[in-house]
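Subject: Structure handover

Hello,

Here is the structure we talked about. Please open it alongside this note and follow the residues as you read.

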Amino acid sequence: MRAGWLRKVGMGVLALSMMAVTGCSVLTGTKASDQVTVVGKNFTEQDILTNLVGIMLEKNTDLKVETKPFLGGTDVAFNAVKGGSADLYVEYTGTGLVNIMGQEAMKDPQEVYDKVKADFAEKYKMEWLEPIGFNNTYALAVTKETADKYKLKTISDLIPHAQQLTFGTEQEFLERSDGLKGLEKSYGLKFKGTKSMDAGLKYKAISEGNVDIIDAFSTDGQLVKHDLVILEDDKHFFPPYFAAPLVRQETLQKHPQIKEVLSKLAGKMDDKQMAVLNAQVDVDKKKSRDVAEAWLKEQGLIP
């Protein structure tokens with residue numbers, strides 16, 4: 001559903017950088033007991049979520065909060081929290097199951113959540129809080145004109161029309177078992193043809209009529225920019241990737257207010273809302289922190 005963050009530097013700069021990540025004082029070398037570090041992965045949605053969680057804690061607790069978006073990929077963020085150099089980040093249930101635990105993908109969102117919650121607590125001493133609400137998984141998108149023409153609301157609605165439609169996607173989706181091959185088998189679809197292209201060109205292609213349908217991530221800001229229609233995955237083919245705060249158990253034991261405060265985010269944001277926030281950053285060029293803060297105020301979660 002997603003490069004290295006330290007380059008070669010002088011030893012003095014490296015030491016200062018590590019102190020910043022671990023929350024250590026330059027003078028004392030000790031970790032402040034009232035400080036928590038929120039990290040994030042290196043893409044827009046995670047930047048927004050890192051700031052969103054950080055602001056929630058800043059405004060609703062007495063904790064000193066340090067936010068570090070764009071820390072790296074899944075491995076970097078996960079290991080930072082696991083190892084104790086950070087306290088929490090927002091992870092996706094499907095990523096936890098498949099990428100971190102190495103398990104087979106599962107279809108039922110509650111089963112996936114229950115599985116990662118139990119296993120992360122036992123194996124990694126980390127707790128999944130309740131999901132924020134949106135599911136950043138694969139989706140199929142069409143223009144409003146195509147949706148109206150063929151009366152498309154679900155992926156199953158494509159079945160009698162697929163042979164008239166051209167599918168645009170990047171090469172990876174064409175080859176993945178949980179991509180186009182599996183999708184066609186699960187739904188009994190056969191498209192007129194496929195066009196492989198870079199991910200960034202899909203939206204231009206569909207807007208200009210060069211393809212009729214594309215794959216996307218359900219919270220992609222480009223969906224909002226191009227006013228596309230997401231087709232409901234009525235057979236639940238795509239695995240669930242619900243976003244939820246993932247916190248060190250040790251941190252929650254020291255600061256139980258974190259769970260109380262962040263639980264107020266549970267179920268607050270759907271796919272469309274997250275896509276709109278992503279678009280405000282990627283398309284409108286707003287700052288992630290400003291976007292996160294404005295949304296929290298709209299929801300009445302901060303003053």
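A residue counts as exposed when its relative accessible area is over 50%, as buried when that area is under 20%, and as partly exposed in between. Asn 99 has a relative accessible area of 51%, so Asn 99 is exposed. Please keep in mind that this is a predicted model.

Asn 99 sits in helix α4, residues 93-100.

**Helix α2**

Start with α2, which is mostly covered. Of its 17 residues, 14 are buried. The length also checks out. At 1.5 Å a residue, α2 should span 24 Å, and its end C-alpha atoms are 24 Å apart, so the two values agree.

Thr 50 is a residue of this helix. Is Thr 50 buried or exposed? Its relative accessible area is 2%, so Thr 50 is buried. Take Lys 68: Thr 50 and Lys 68 are 18 residues apart in sequence, and their C-alpha atoms are 7.4 Å apart in space.

**Helices α13 and α14**

Next, the pair towards the end of the numbering. Helix α13 covers residues 271-282 and helix α14 covers residues 288-298. Their axes come within 9 Å and cross at roughly 145°. The crossing is right-handed.

Which residues make the contact? From α13 come Gln 273, Leu 277, Gln 280 and Val 281. From α14 come Ser 288, Val 291 and Trp 295. By class, that contact has four nonpolar residues, three polar ones and no charged ones.

α13 has 12 residues, and at 1.5 Å a residue these should span 16 Å. Its end C-alpha atoms are 16 Å apart, so the helix agrees with expectation. The buried residues of α13 are Met 274, Ala 275, Leu 277, Asn 278, Ala 279, Gln 280 and Val 281. Among the elements that cover them are α2, α10 (221-225) and α14.

**Salt bridges**

Side chains of opposite charge can pair when their charged atoms come close. How many salt bridges does the whole structure hold? The search finds 12. Here are some of them.

- Asp 119 and Lys 115: their closest N and O atoms are 3.1 Å apart. Both residues lie in helix α5 (residues 109-123), four residues apart, about one turn of the helix. Asp 119 has 12% relative accessibility, so it is buried. Lys 115 has a relative accessible area of 31%, so it is partly exposed.
- Glu 170 and Lys 202: this salt bridge is 3.0 Å, N to O. The pair links distant parts of the chain, 32 residues apart. Glu 170 is in the loop between β6 (166-169) and α7 (171-175), while Lys 202 is in helix α9, residues 202-207. Both Glu 170 and Lys 202 are buried.
- Lys 297 and Glu 293: here the N to O distance is 4.0 Å. The two are four residues apart in helix α14, so about one helical turn separates them. Lys 297 is partly exposed, with a relative accessible area of 45%. Glu 293 is buried, with a relative accessible area of 18%.
- Lys 117, Glu 127 and Lys 259: these three are linked in a network of salt bridges.

**Two backbone angles**

Most residues other than glycine have a negative phi. Where do positive values turn up in this model? Phe 70 has phi near 55°. Phe 70 lies in strand β2, residues 64-72. Its relative accessibility is 44%, so Phe 70 counts as partly exposed. Lys 125 also has a positive phi, near 55°. Lys 125 is in the loop between α5 and β4 (126-128).

Best wishes

Definitions and conventions:
Residues numbered from 1 in each chain as written. Predicted model: local features only at pLDDT ≥ 70, side-chain atom pairs only at ≥ 80, totals over all residues. Heavy atoms only, no water. Axes fitted to C-alpha atoms, helices over the stretch in contact; angles between N-to-C directions. Left-handed = near helix turned anticlockwise from the far one by under 90°. Contact = heavy atoms within 4.5 Å. Nonpolar A, V, L, I, M, F, W, Y, C, P; charged D, E, K, R; others polar. Salt bridge = Lys/Arg side-chain N within 4 Å of Asp/Glu carboxyl O. Buried < 20%, exposed > 50% of the residue type's maximum accessible area, 1.4 Å probe, protein only. Expected span 1.5 Å × (residues − 1).
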